[in-house]
Amino acid sequence: MSISLIGRGVCESATLKLNETFSILKAKGEPVIHLGGGEPKSKAPFDAITAAAGLLNSGEIRYAPVDGTVEMKQAIIRYTMEYYGRKVEPENVIASGGAKQAIMVAMQAILNPQDEVLFIAPYYVSYPEMIKLCGAVPIAVSPEDGSFCPALNDITRNITSYTKMIIINSPNNPTGTVYPPSLIQGIVEFCEKKGIYLLMDDIYHRLIFDGKKVANPFEYTKKDIENSKLIIINGVSKQYAMTGFRIGWAVANKNLIRVMSNIQGHQTSGPSILLQRAAIGAINGIQSYVESLRLTLENNRNVLIQYLKTIDGLKIHVPEGTFYSFIDFSAYEKSSATLSKLLLDKVRVLTVPGVEFGTEGYLRISFCGSIKDITEGIERIKWVIDPGSSNELFIGQRKLVRDWK
Ligand code: PMP
(Lines give C-alpha, C1' and ligand atoms only; values in the text may rest on other atoms or scores of the structure.)
Protein backbone atom coordinates (compact mmCIF):
# COMPACT_ATOMS: atom_id res chain seq x y z
CA MET A 1 0.00 0.00 0.00
CA SER A 2 1.34 3.39 -0.95
CA ILE A 3 0.73 6.11 1.64
CA SER A 4 1.73 9.78 1.29
CA LEU A 5 4.61 11.24 3.25
CA ILE A 6 2.20 13.54 5.08
CA GLY A 7 -0.18 10.66 5.83
CA ARG A 8 2.66 8.58 7.23
CA GLY A 9 3.92 11.41 9.39
CA VAL A 10 0.66 12.11 11.20
CA CYS A 11 -0.10 10.36 14.50
CA GLU A 12 -3.47 9.32 15.87
CA SER A 13 -5.07 11.77 18.35
CA ALA A 14 -4.13 10.36 21.76
CA THR A 15 -7.08 12.01 23.46
CA LEU A 16 -9.67 10.80 20.94
CA LYS A 17 -8.18 7.29 21.11
CA LEU A 18 -8.66 7.39 24.87
CA ASN A 19 -12.36 8.20 24.44
CA GLU A 20 -12.62 5.11 22.25
CA THR A 21 -10.90 2.96 24.90
CA PHE A 22 -13.31 4.33 27.50
CA SER A 23 -16.37 3.46 25.36
CA ILE A 24 -15.12 -0.08 24.72
CA LEU A 25 -14.41 -0.78 28.39
CA LYS A 26 -17.70 0.80 29.47
CA ALA A 27 -19.62 -1.33 26.97
CA LYS A 28 -17.97 -4.44 28.50
CA GLY A 29 -19.30 -3.39 31.89
CA GLU A 30 -15.87 -2.48 33.30
CA PRO A 31 -15.91 -0.03 36.26
CA VAL A 32 -13.84 2.50 34.34
CA ILE A 33 -13.39 6.15 35.38
CA HIS A 34 -12.53 8.68 32.68
CA LEU A 35 -10.15 11.32 34.04
CA GLY A 36 -8.75 11.93 30.58
CA GLY A 37 -11.79 13.63 29.07
CA GLY A 38 -11.88 16.87 27.12
CA GLU A 39 -15.53 17.84 27.38
CA PRO A 40 -17.83 19.14 30.12
CA LYS A 41 -20.61 16.78 31.07
CA SER A 42 -23.43 19.38 31.26
CA LYS A 43 -26.24 19.30 28.74
CA ALA A 44 -26.11 21.82 25.90
CA PRO A 45 -27.89 25.13 26.69
CA PHE A 46 -31.66 25.08 26.29
CA ASP A 47 -31.42 28.05 23.89
CA ALA A 48 -29.17 25.99 21.61
CA ILE A 49 -31.53 23.03 21.57
CA THR A 50 -34.71 25.00 20.90
CA ALA A 51 -33.03 27.01 18.14
CA ALA A 52 -31.85 23.86 16.36
CA ALA A 53 -35.11 21.97 16.98
CA GLY A 54 -37.07 24.75 15.24
CA LEU A 55 -35.03 24.34 12.07
CA LEU A 56 -34.96 20.54 12.30
CA ASN A 57 -38.76 20.45 12.50
CA SER A 58 -39.01 22.42 9.27
CA GLY A 59 -37.35 19.45 7.53
CA GLU A 60 -35.43 21.85 5.29
CA ILE A 61 -31.79 21.34 6.13
CA ARG A 62 -29.74 22.68 3.20
CA TYR A 63 -26.18 23.71 2.44
CA ALA A 64 -24.93 26.66 4.48
CA PRO A 65 -22.78 29.48 3.12
CA VAL A 66 -19.14 28.33 3.19
CA ASP A 67 -17.98 30.85 5.81
CA GLY A 68 -21.10 30.82 8.00
CA THR A 69 -24.67 32.08 7.80
CA VAL A 70 -25.45 35.80 8.11
CA GLU A 71 -26.91 35.19 11.59
CA MET A 72 -23.89 33.11 12.67
CA LYS A 73 -21.53 35.88 11.58
CA GLN A 74 -23.66 38.46 13.39
CA ALA A 75 -23.47 36.36 16.56
CA ILE A 76 -19.66 36.10 16.24
CA ILE A 77 -19.37 39.83 15.57
CA ARG A 78 -21.38 40.58 18.71
CA TYR A 79 -19.27 38.08 20.69
CA THR A 80 -16.06 39.73 19.45
CA MET A 81 -17.38 43.14 20.50
CA GLU A 82 -18.42 41.87 23.92
CA TYR A 83 -15.30 39.88 24.83
CA TYR A 84 -12.59 41.66 22.82
CA GLY A 85 -14.03 45.20 22.51
CA ARG A 86 -13.33 45.08 18.77
CA LYS A 87 -15.85 45.89 16.06
CA VAL A 88 -15.30 43.59 13.09
CA GLU A 89 -17.19 43.08 9.84
CA PRO A 90 -18.75 39.92 8.38
CA GLU A 91 -15.76 39.54 6.04
CA ASN A 92 -13.47 39.31 9.10
CA VAL A 93 -15.23 36.19 10.32
CA ILE A 94 -15.42 32.51 9.31
CA ALA A 95 -17.44 29.78 11.06
CA SER A 96 -15.93 26.30 10.74
CA GLY A 97 -16.48 22.71 11.83
CA GLY A 98 -15.10 23.28 15.32
CA ALA A 99 -12.17 25.41 16.45
CA LYS A 100 -10.05 22.57 15.09
CA GLN A 101 -11.10 23.21 11.51
CA ALA A 102 -10.77 26.99 11.96
CA ILE A 103 -7.15 26.46 13.08
CA MET A 104 -6.52 23.96 10.30
CA VAL A 105 -7.77 26.18 7.45
CA ALA A 106 -5.86 29.14 8.91
CA MET A 107 -2.69 27.04 8.78
CA GLN A 108 -3.43 25.83 5.27
CA ALA A 109 -3.98 29.41 4.16
CA ILE A 110 -0.69 30.61 5.65
CA LEU A 111 1.92 27.86 5.76
CA ASN A 112 4.31 26.65 3.08
CA PRO A 113 6.39 23.47 3.40
CA GLN A 114 9.44 24.15 5.63
CA ASP A 115 7.77 27.07 7.43
CA GLU A 116 8.09 26.83 11.20
CA VAL A 117 5.27 27.23 13.71
CA LEU A 118 6.18 27.86 17.30
CA PHE A 119 4.05 26.93 20.31
CA ILE A 120 4.57 26.45 24.04
CA ALA A 121 5.04 23.02 25.67
CA PRO A 122 3.08 21.40 27.19
CA TYR A 123 0.79 21.89 24.19
CA TYR A 124 -2.55 20.79 22.74
CA VAL A 125 -1.96 17.37 21.13
CA SER A 126 -3.25 18.43 17.70
CA TYR A 127 -0.93 21.41 17.04
CA PRO A 128 2.12 19.41 15.87
CA GLU A 129 0.00 17.11 13.70
CA MET A 130 -1.97 19.98 12.13
CA ILE A 131 1.29 21.74 11.29
CA LYS A 132 2.69 18.54 9.79
CA LEU A 133 -0.48 18.19 7.69
CA CYS A 134 0.60 21.44 6.01
CA GLY A 135 4.11 20.07 5.40
CA ALA A 136 5.38 22.67 7.86
CA VAL A 137 7.62 22.18 10.90
CA PRO A 138 6.32 22.18 14.51
CA ILE A 139 8.64 23.86 17.02
CA ALA A 140 7.65 23.24 20.64
CA VAL A 141 9.22 25.63 23.12
CA SER A 142 9.59 24.59 26.76
CA PRO A 143 9.92 27.39 29.33
CA GLU A 144 13.56 27.41 30.46
CA ASP A 145 12.72 27.82 34.15
CA GLY A 146 10.79 24.53 34.12
CA SER A 147 7.46 26.29 34.76
CA PHE A 148 4.39 26.19 32.52
CA CYS A 149 4.63 29.88 31.71
CA PRO A 150 7.30 30.99 29.24
CA ALA A 151 9.31 34.20 29.41
CA LEU A 152 9.15 36.26 26.22
CA ASN A 153 12.78 35.36 25.72
CA ASP A 154 11.92 31.62 25.57
CA ILE A 155 9.90 32.45 22.48
CA THR A 156 12.09 35.06 20.80
CA ARG A 157 15.27 32.99 20.98
CA ASN A 158 13.59 30.19 19.04
CA ILE A 159 12.58 32.43 16.15
CA THR A 160 14.32 31.77 12.82
CA SER A 161 13.89 33.18 9.33
CA TYR A 162 11.44 30.30 8.74
CA THR A 163 9.09 31.20 11.62
CA LYS A 164 5.73 32.01 10.08
CA MET A 165 3.35 31.61 13.01
CA ILE A 166 3.18 31.49 16.81
CA ILE A 167 0.29 29.76 18.57
CA ILE A 168 -0.78 30.84 22.04
CA ASN A 169 -3.38 28.88 23.98
CA SER A 170 -4.43 30.62 27.21
CA PRO A 171 -5.80 29.18 29.39
CA ASN A 172 -3.66 26.30 28.27
CA ASN A 173 -4.60 22.71 27.53
CA PRO A 174 -3.16 20.67 29.34
CA THR A 175 -1.85 22.81 32.24
CA GLY A 176 -4.70 25.28 32.86
CA THR A 177 -2.14 28.11 32.95
CA VAL A 178 -3.39 31.61 32.14
CA TYR A 179 -0.53 33.59 30.61
CA PRO A 180 -0.08 37.07 32.16
CA PRO A 181 -1.11 40.19 30.18
CA SER A 182 2.54 41.37 30.10
CA LEU A 183 3.54 38.20 28.21
CA ILE A 184 0.65 38.51 25.74
CA GLN A 185 1.55 42.17 25.20
CA GLY A 186 5.18 41.21 24.55
CA ILE A 187 4.19 38.49 22.07
CA VAL A 188 1.69 40.71 20.20
CA GLU A 189 4.28 43.49 19.88
CA PHE A 190 7.05 41.07 18.88
CA CYS A 191 4.88 39.42 16.19
CA GLU A 192 3.88 42.82 14.78
CA LYS A 193 7.49 43.94 14.63
CA LYS A 194 8.59 40.73 12.89
CA GLY A 195 5.51 40.25 10.66
CA ILE A 196 4.73 36.85 12.20
CA TYR A 197 1.17 35.48 12.37
CA LEU A 198 -0.12 35.16 15.93
CA LEU A 199 -2.89 32.60 16.38
CA MET A 200 -4.64 32.96 19.73
CA ASP A 201 -6.49 29.74 20.53
CA ASP A 202 -9.00 31.17 23.01
CA ILE A 203 -11.28 28.14 23.19
CA TYR A 204 -11.17 28.13 27.04
CA HIS A 205 -11.08 31.91 27.60
CA ARG A 206 -14.30 32.09 29.66
CA LEU A 207 -13.52 29.03 31.78
CA ILE A 208 -11.19 30.71 34.27
CA PHE A 209 -11.02 30.69 38.06
CA ASP A 210 -10.17 32.81 41.10
CA GLY A 211 -11.30 36.04 39.43
CA LYS A 212 -8.46 35.84 36.90
CA LYS A 213 -8.75 37.66 33.58
CA VAL A 214 -7.53 36.46 30.22
CA ALA A 215 -5.51 39.07 28.34
CA ASN A 216 -7.16 40.57 25.28
CA PRO A 217 -4.56 40.68 22.45
CA PHE A 218 -6.48 43.44 20.62
CA GLU A 219 -5.55 45.77 23.51
CA TYR A 220 -1.90 45.58 22.51
CA THR A 221 -2.05 45.67 18.74
CA LYS A 222 -1.09 48.94 17.11
CA LYS A 223 -2.43 47.90 13.72
CA ASP A 224 -5.97 47.97 12.39
CA ILE A 225 -7.34 44.51 11.72
CA GLU A 226 -6.76 44.62 7.94
CA ASN A 227 -3.03 45.16 8.46
CA SER A 228 -2.79 42.77 11.38
CA LYS A 229 -1.64 39.14 11.40
CA LEU A 230 -3.58 38.39 14.55
CA ILE A 231 -6.03 35.46 14.36
CA ILE A 232 -8.52 34.80 17.16
CA ILE A 233 -9.95 31.29 17.45
CA ASN A 234 -12.99 30.43 19.48
CA GLY A 235 -15.98 28.11 19.54
CA VAL A 236 -18.93 26.64 21.40
CA SER A 237 -17.37 23.26 22.30
CA LYS A 238 -16.03 24.01 25.76
CA GLN A 239 -17.82 27.08 27.14
CA TYR A 240 -21.29 25.79 26.19
CA ALA A 241 -20.47 22.07 26.54
CA MET A 242 -21.31 21.64 22.85
CA THR A 243 -18.37 19.51 21.68
CA GLY A 244 -20.55 17.34 19.43
CA PHE A 245 -22.02 20.33 17.61
CA ARG A 246 -18.70 21.05 15.90
CA ILE A 247 -18.91 24.82 15.56
CA GLY A 248 -15.89 27.08 15.98
CA TRP A 249 -14.71 30.26 14.31
CA ALA A 250 -11.85 32.55 13.43
CA VAL A 251 -11.62 36.35 13.37
CA ALA A 252 -8.82 37.87 11.26
CA ASN A 253 -8.11 40.23 8.38
CA LYS A 254 -10.42 39.98 5.36
CA ASN A 255 -7.76 38.68 2.95
CA LEU A 256 -6.89 35.77 5.18
CA ILE A 257 -10.54 34.95 5.91
CA ARG A 258 -11.27 34.94 2.15
CA VAL A 259 -8.48 32.41 1.50
CA MET A 260 -9.57 30.30 4.49
CA SER A 261 -13.13 30.29 3.09
CA ASN A 262 -11.88 29.20 -0.33
CA ILE A 263 -10.07 26.26 1.29
CA GLN A 264 -13.00 25.33 3.52
CA GLY A 265 -15.36 25.51 0.53
CA HIS A 266 -13.56 22.63 -1.15
CA GLN A 267 -12.82 20.73 2.04
CA THR A 268 -16.16 20.40 3.80
CA SER A 269 -18.37 23.27 2.52
CA GLY A 270 -19.93 25.41 5.26
CA PRO A 271 -20.48 23.89 8.72
CA SER A 272 -23.91 22.27 9.15
CA ILE A 273 -26.69 24.86 9.03
CA LEU A 274 -28.51 23.01 11.81
CA LEU A 275 -25.54 23.12 14.14
CA GLN A 276 -24.83 26.76 13.33
CA ARG A 277 -28.41 27.45 14.39
CA ALA A 278 -27.70 25.76 17.72
CA ALA A 279 -24.46 27.72 18.16
CA ILE A 280 -26.28 31.00 17.48
CA GLY A 281 -28.86 29.99 20.10
CA ALA A 282 -26.08 29.41 22.63
CA ILE A 283 -24.12 32.59 21.86
CA ASN A 284 -27.19 34.83 21.86
CA GLY A 285 -28.97 32.97 24.66
CA ILE A 286 -28.84 33.25 28.45
CA GLN A 287 -25.18 33.52 29.42
CA SER A 288 -25.63 32.43 33.04
CA TYR A 289 -25.15 28.95 31.53
CA VAL A 290 -21.43 29.64 31.08
CA GLU A 291 -21.07 31.09 34.58
CA SER A 292 -22.76 28.09 36.11
CA LEU A 293 -20.46 25.71 34.18
CA ARG A 294 -17.45 27.79 35.21
CA LEU A 295 -18.46 27.62 38.89
CA THR A 296 -18.96 23.85 38.69
CA LEU A 297 -15.52 23.45 37.15
CA GLU A 298 -13.91 25.71 39.76
CA ASN A 299 -15.48 23.62 42.51
CA ASN A 300 -14.35 20.40 40.78
CA ARG A 301 -10.84 21.79 40.54
CA ASN A 302 -10.79 22.58 44.26
CA VAL A 303 -11.91 19.06 45.15
CA LEU A 304 -9.39 17.49 42.77
CA ILE A 305 -6.49 19.51 44.16
CA GLN A 306 -7.53 18.72 47.74
CA TYR A 307 -7.52 14.99 46.93
CA LEU A 308 -4.24 15.15 44.99
CA LYS A 309 -2.58 16.81 47.97
CA THR A 310 -3.15 13.65 49.98
CA ILE A 311 -0.65 11.83 47.74
CA ASP A 312 2.96 12.45 48.82
CA GLY A 313 5.54 13.21 46.16
CA LEU A 314 3.29 14.76 43.52
CA LYS A 315 4.17 18.22 42.23
CA ILE A 316 0.89 20.04 41.81
CA HIS A 317 0.35 23.14 39.71
CA VAL A 318 -3.08 24.58 40.48
CA PRO A 319 -4.86 25.23 37.15
CA GLU A 320 -6.20 28.76 36.71
CA GLY A 321 -8.63 27.80 33.96
CA THR A 322 -9.84 25.01 31.58
CA PHE A 323 -10.80 21.67 33.14
CA TYR A 324 -7.38 20.04 33.11
CA SER A 325 -4.63 19.66 35.66
CA PHE A 326 -1.14 18.60 34.67
CA ILE A 327 0.49 16.78 37.56
CA ASP A 328 4.11 15.73 38.00
CA PHE A 329 4.15 12.01 38.90
CA SER A 330 7.84 11.54 38.14
CA ALA A 331 8.65 10.76 41.78
CA TYR A 332 6.70 7.53 41.21
CA GLU A 333 7.35 6.77 37.55
CA LYS A 334 9.34 8.69 34.96
CA SER A 335 7.52 7.28 31.92
CA SER A 336 4.05 8.84 31.73
CA ALA A 337 2.88 6.24 29.17
CA THR A 338 3.90 3.40 31.53
CA LEU A 339 2.12 5.00 34.48
CA SER A 340 -1.01 5.85 32.51
CA LYS A 341 -1.23 2.26 31.22
CA LEU A 342 -0.64 0.87 34.70
CA LEU A 343 -3.51 2.96 36.11
CA LEU A 344 -5.81 1.80 33.33
CA ASP A 345 -4.82 -1.86 33.66
CA LYS A 346 -4.82 -2.02 37.45
CA VAL A 347 -7.68 0.24 38.55
CA ARG A 348 -9.43 1.21 35.31
CA VAL A 349 -8.69 4.94 35.59
CA LEU A 350 -8.04 6.79 32.33
CA THR A 351 -5.50 9.60 32.31
CA VAL A 352 -3.52 11.12 29.43
CA PRO A 353 0.28 10.63 29.49
CA GLY A 354 2.17 13.94 29.59
CA VAL A 355 4.42 12.79 26.77
CA GLU A 356 1.48 13.31 24.38
CA PHE A 357 1.62 17.02 25.26
CA GLY A 358 5.40 17.18 24.88
CA THR A 359 6.30 16.92 28.59
CA GLU A 360 7.40 13.63 30.18
CA GLY A 361 6.75 12.56 33.79
CA TYR A 362 3.29 14.17 34.02
CA LEU A 363 -0.30 12.98 33.66
CA ARG A 364 -3.19 15.15 32.48
CA ILE A 365 -6.09 14.68 34.85
CA SER A 366 -9.39 16.25 33.83
CA PHE A 367 -11.97 17.63 36.22
CA CYS A 368 -14.85 17.98 33.78
CA GLY A 369 -16.57 14.84 35.08
CA SER A 370 -18.54 14.31 38.29
CA ILE A 371 -17.17 14.88 41.80
CA LYS A 372 -17.71 11.16 42.40
CA ASP A 373 -15.49 10.27 39.43
CA ILE A 374 -12.83 12.72 40.58
CA THR A 375 -12.70 11.55 44.19
CA GLU A 376 -12.98 7.84 43.42
CA GLY A 377 -10.52 8.14 40.53
CA ILE A 378 -7.87 9.83 42.67
CA GLU A 379 -8.40 7.35 45.51
CA ARG A 380 -7.79 4.49 43.08
CA ILE A 381 -4.65 6.20 41.72
CA LYS A 382 -3.42 6.74 45.26
CA TRP A 383 -3.99 3.10 46.08
CA VAL A 384 -1.80 2.04 43.16
CA ILE A 385 1.14 4.39 43.67
CA ASP A 386 1.28 5.14 47.38
CA PRO A 387 3.51 2.56 49.15
CA GLY A 388 1.53 3.17 52.37
CA SER A 389 -1.74 1.95 50.81
CA SER A 390 -3.62 -1.05 52.14
CA ASN A 391 -2.96 -4.36 50.41
CA GLU A 392 -6.43 -4.70 49.00
CA LEU A 393 -8.94 -2.51 47.20
CA PHE A 394 -12.53 -3.33 46.28
CA ILE A 395 -13.96 -1.91 43.08
CA GLY A 396 -17.57 -3.03 43.16
CA GLN A 397 -17.42 -6.79 43.72
CA ARG A 398 -13.88 -7.02 42.41
CA LYS A 399 -11.05 -7.45 44.92
CA LEU A 400 -7.67 -6.07 43.83
CA VAL A 401 -4.36 -6.91 45.46
CA ARG A 402 -1.47 -4.42 45.45
CA ASP A 403 1.60 -5.64 43.58
CA TRP A 404 3.33 -2.57 42.13
CA LYS A 405 6.76 -1.50 43.46
N1 PMP B 1 -7.90 24.01 20.86
C2 PMP B 1 -7.70 23.43 22.05
C3 PMP B 1 -6.62 23.95 22.92
C4 PMP B 1 -8.50 22.36 22.46
O5 PMP B 1 -8.29 21.80 23.65
C6 PMP B 1 -9.51 21.89 21.59
C7 PMP B 1 -10.40 20.72 21.95
N8 PMP B 1 -9.90 19.79 22.80
C9 PMP B 1 -9.67 22.53 20.36
C10 PMP B 1 -8.86 23.58 20.02
C11 PMP B 1 -10.72 22.07 19.36
O12 PMP B 1 -12.01 22.45 19.74
P13 PMP B 1 -13.26 22.12 18.84
O14 PMP B 1 -14.05 21.08 19.55
O15 PMP B 1 -14.02 23.42 18.75
O16 PMP B 1 -12.78 21.67 17.51
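1. The shell around the ligand divides into three nonpolar, eight polar and two charged residues. Of the 13 residues around the ligand, G98, A99, K100, G235 and S237 come nearest. A residue is near a molecule or strand if its C-beta atom, placed from the backbone, lies within 6 Å of it. Helix α5 gives the largest share of this shell, three residues. Helices (H or I, at least four residues) and strands (E, at least two) are DSSP runs, numbered from the N terminus.

2. A word on the model and the numbering. This is a predicted model: local features need pLDDT of at least 70, side-chain atom pairs count only at pLDDT 80 or more, and totals for chains, interfaces and linings use all residues. Residues are numbered from 1 along each chain as its sequence is written.

3. Now the domains. Domain 1 takes 5–43 + 288–401, and domain 2 takes 46–284. These bounds come from an automatic or database domain assignment. The centres of domain 1 and domain 2, taken over C-alpha atoms, are 27 Å apart. The contact takes 32 residues from domain 1 and 30 residues from domain 2. Two residues are in contact if their C-beta atoms, placed from the backbone, lie within 7 Å.

4. Which elements give two or more residues to the side of domain 1 that touches domain 2? They are α1 (5–9), α2 (14–27), α11 (288–308) and β9 (324–328). The largest share, seven residues, comes from α11. By type, this side of domain 1 holds 14 nonpolar, 11 polar and seven charged residues.

5. Helix α9 deserves a look. It covers residues 254–267, and its 14 residues should span 20 Å at 1.5 Å a residue. The expected span is 1.5 Å times one less than the number of residues. The end C-alpha atoms of α9 are 20 Å apart, which agrees.

6. Which residues of α9 are buried? L256, I257, M260, S261 and Q264 are. Seen down the axis of α9, these fall within an arc of 135°, so they line one face of the helix. The arc is that of the directions from the helix axis to the C-beta atoms. An α-helix has 3.6 residues a turn, so residues three or four places apart point the same way. A residue is buried if 20 or more other C-beta atoms lie within 10 Å of its own, exposed if 12 or fewer, and partly exposed in between; C-beta atoms are placed from the backbone.

7. What do the buried residues of α9 pack against? They meet β2 (93–96), α5 (98–110) and β8 (248–251). The face of α9 turned away from the buried side carries the exposed residues N255 and H266. S269 follows α9 and has a positive phi, near 65°.

8. Backbone points to check. Most residues other than glycine have a negative phi, and most peptide bonds are trans. A cis peptide bond joins S170 and P171, with omega about -5°. The bond from N173 to P174 is also cis, with omega near 25°. P171 lies in the loop between β5 (163–169) and α8 (181–194). P174 has its place in the loop between β5 and α8 too.

9. Two arginines have a positive phi. For R246, phi is near 55°. R246 sits in the loop between β7 (230–235) and β8. It counts as buried, with 21 C-beta neighbours inside 10 Å. For R348, phi is about 60°. R348 is in the loop between α12 (336–347) and β10 (349–350). With 20 C-beta neighbours inside 10 Å, R348 counts as buried.

10. Is I61 buried or exposed? I61 is exposed, with 12 other C-beta atoms within 10 Å. Its place is in the loop between α3 (46–58) and α4 (70–84). I61 touches L55, I273 and L274, not counting residues up to four places away in sequence.

11. K399 is in strand β14, residues 398–401. K399 is exposed, with 9 other C-beta atoms within 10 Å. It touches E392 and F394, not counting residues up to four places away in sequence. The C-alpha atoms of K399 and I187 are separated by 54 Å, and the two residues are 212 residues apart along the chain.

Technical notes
Ala, Val, Leu, Ile, Met, Phe, Trp, Tyr, Cys and Pro count as nonpolar, Asp, Glu, Lys and Arg as charged, and the others, Gly among them, as polar.
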